[in-house]
Amino acid sequence: MRFDIERPIYLQIEERVKGWVFAGVYGPGDRVPSVRELAKKMKVNPNTVAKAYYELEREGFLVTKRGEGTFITKDEKTIEKERKRMLSYRIKKFVEDLKELGINERKIEKIKKMMEEI
Amino acid sequence: MSILKIEKLYKKFPKTVALKNISMYLTPGRCYGVLGPNGSGKSTLFRLIAGLERPSKGKIEIFGEKPGYETKRKLAYLGEGDTVYPWMKTHDVIRFYGSLYPFWNHGLAQNLVEFLEIPRNKRFSELSKGFRARVKLLILFSSGAELLLLDDPLSGIDPASREKIVKTLYNFWNPTHQTLLVSTHIISEIETIFDYVYFLSKGEIVLKGEADDLRKRYKKSMDEIAREVL
């Protein structure tokens with residue numbers, strides 16, 4: 001996997017794992033690869049994956065069961081909340097891009113409303 | 001407990017000072033990078049840690065002991081030189097080093113012969129530089145040592161072997177048993193392996209920190225930071 005090596009790697013792993021869930025690669029309650037498996041696959045230091053998993057657990061997005069592995073949370077509310085948070089973050093960035101491109105305020109408001117209905 | 005502790009280390013040669021006021025602290029299960037251009041003192045530092053040379057001033061402790069007979073069994077060192085006997089074939093290498101290291105992992109050695117595609121019937125002296133480097137890496141990872149020193153493992157190696165070496169680091173490093181200390185001047189190819197990095201310039205540490213923290217602070221890759229500070 002390619003990383004943007006100018007940003008902390010663990011944050012990008014977190015985003016990637018969340019992306020998998022939003023895209024339906026893994027559903028609620030599914031087992032995700034172990035730290036070592038994912039580190040090999042992504043060609044990163046296992047400690048970095050462990051840190052990303054730790055953060056995701058703290059957010060309630062992942063759950064580790066001793067001796068069984070790591071799983072996506074079964075709590076769909078947590079997933080939905082996170083999806084909304086990331087969506088609004090992306091919209092904010094997109095709106096900034098639009099401003100930079102000289103799109104006028106009224107049009108931007110229109111686009112924003114359309115996107116928030118998703 | 002620290003795996004390696006270095007305090008105010010100096011190494012002077014008759015005409016130059018190779019290392020000035022080096023302090024480092026390594027904890028278990030992490031990968032540390034020593035990044036710097038050729039001639040910055042990386043190899044001297046590694047030779048001192050491996051116990052191949054003595055410091056002029058300062059202290060080195062490996063598992064709480066001075067470099068010597070006891071610490072040599074707990075660390076494995078891969079340097080520029082060819083330390084393997086030229087007549088050895090792969091099975092000789094495995095038998096010889098297997099008897100040398102008390103915690104040698106025979107199964108891992110066999111897996112690495114496969115993974116690194118090391119020819120079984122060639123003598124060490126008949127191998128290309130890239131394949132000699134692969135054999136040395138096989139010894140390092142199979143040694144069972146807790147501290148692995150890799151001094152510029154990619155230097156002067158052809159691209160195919162470089163890729164194999166990098167993959168071996170990612171696939172075979174086991175943080176629960178091993179701590180890595182890797183020096184390199186080719187940073188971009190292994191920049192995601194480091195937990196913590198020391199930037200070395202003219203024998204001094206000019207910058208150090210957690211790799212992800214430095215990325216956050218500088219909004220740059222290790223490679224770009226190196227070009228800025230070195």
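## A walk through chain B

Let's start with one residue: Glu53(B) is partly exposed, with a relative accessible area of 21%. Its side chain meets that of Arg47(B) in a salt bridge, with 2.8 Å from N to O. Arg47(B) is partly exposed too, at a relative accessible area of 31%. Keep in mind as you look around that this is a predicted model. The model scores ipTM 0.79 and pTM 0.88; for chain B the mean pLDDT is 94, and 100% of its residues reach 70 or more.

Now step back to see the whole chain. Chain B is built from eight helices and nine strands. Its radius of gyration is 17 Å, close to the 17 Å that the globule rule gives for 230 residues, so chain B is as compact as a globular protein of that length. Along the principal axes, its C-alpha atoms fill a box of roughly 45 × 40 × 35 Å. Of the 230 residues, 52% count as buried. If you take the contacts between residues at least 6 apart in sequence, 68% of them join residues at least 24 apart. The accessible surface of chain B comes to about 10600 Å², and carbon and sulfur atoms account for 50% of that.

Back to the charged pairs. Over all chains, the count comes to 26 salt bridges. One of them joins the side chains of Glu204(B) and Lys20(B), at 3.9 Å from N to O. This pair links distant parts of the chain, since Glu204(B) sits in strand β9 and Lys20(B) in strand β2, 184 residues apart. Glu204(B) counts as partly exposed at 35% relative accessibility, and Lys20(B) is partly exposed at 31%.

The side chains of Lys167(B) and Glu163(B) meet at 3.6 Å, N to O. These two residues are separated by about one helical turn, because they are four residues apart in helix α6 (residues 159-172) of chain B. Both ends are partly exposed: Lys167(B) has a relative accessible area of 33%, and Glu163(B) has 44%. If you glance over at chain A, you will find a network of salt bridges linking Lys18(A), Glu59(A), Glu82(A) and Arg85(A).

In strand β2 (residues 17-26) you will find Asn21(B), whose phi is near 50°, a positive value in a residue other than glycine. Asn21(B) is partly exposed, with a relative accessible area of 42%. Strand β9 (residues 204-210) holds Gly209(B), which is buried at a relative accessible area of 10%. Leaving aside neighbours within four places in sequence, Gly209(B) is in contact with Tyr196(B), Val197(B) and Leu214(B).

Glu117(B) belongs to the loop between α4 (106-115) and α5 (129-142), and it is exposed, with a relative accessible area of 51%.

Finally, turn to the nonpolar side of the surface. Tyr85(B), Trp87(B), Phe96(B) and Leu100(B) make a nonpolar surface patch of about 420 Å². Phe96(B), one of these four, is found in helix α3 (residues 90-100) and counts as partly exposed at 31% relative accessibility.

Notes
Residues numbered from 1 in each chain as written. Chains lettered and ligands numbered in written order. Predicted model: local features only at pLDDT ≥ 70, side-chain atom pairs only at ≥ 80, totals over all residues. Heavy atoms only, no water. Patch = residues over 30% accessible without salt bridge, like charges linked within 9 Å, V, L, I, M, F, W, Y side chains within 5 Å. Areas by Shrake-Rupley, 256 points an atom, 1.4 Å probe, with all protein chains shown as cover. Salt bridge = Lys/Arg side-chain N within 4 Å of Asp/Glu carboxyl O. Buried < 20%, exposed > 50% of the residue type's maximum accessible area, 1.4 Å probe, protein only. Rg over C-alpha atoms; globule rule 2.2 N^0.38 Å. Contact = heavy atoms within 4.5 Å. pLDDT = per-residue confidence, 0-100.
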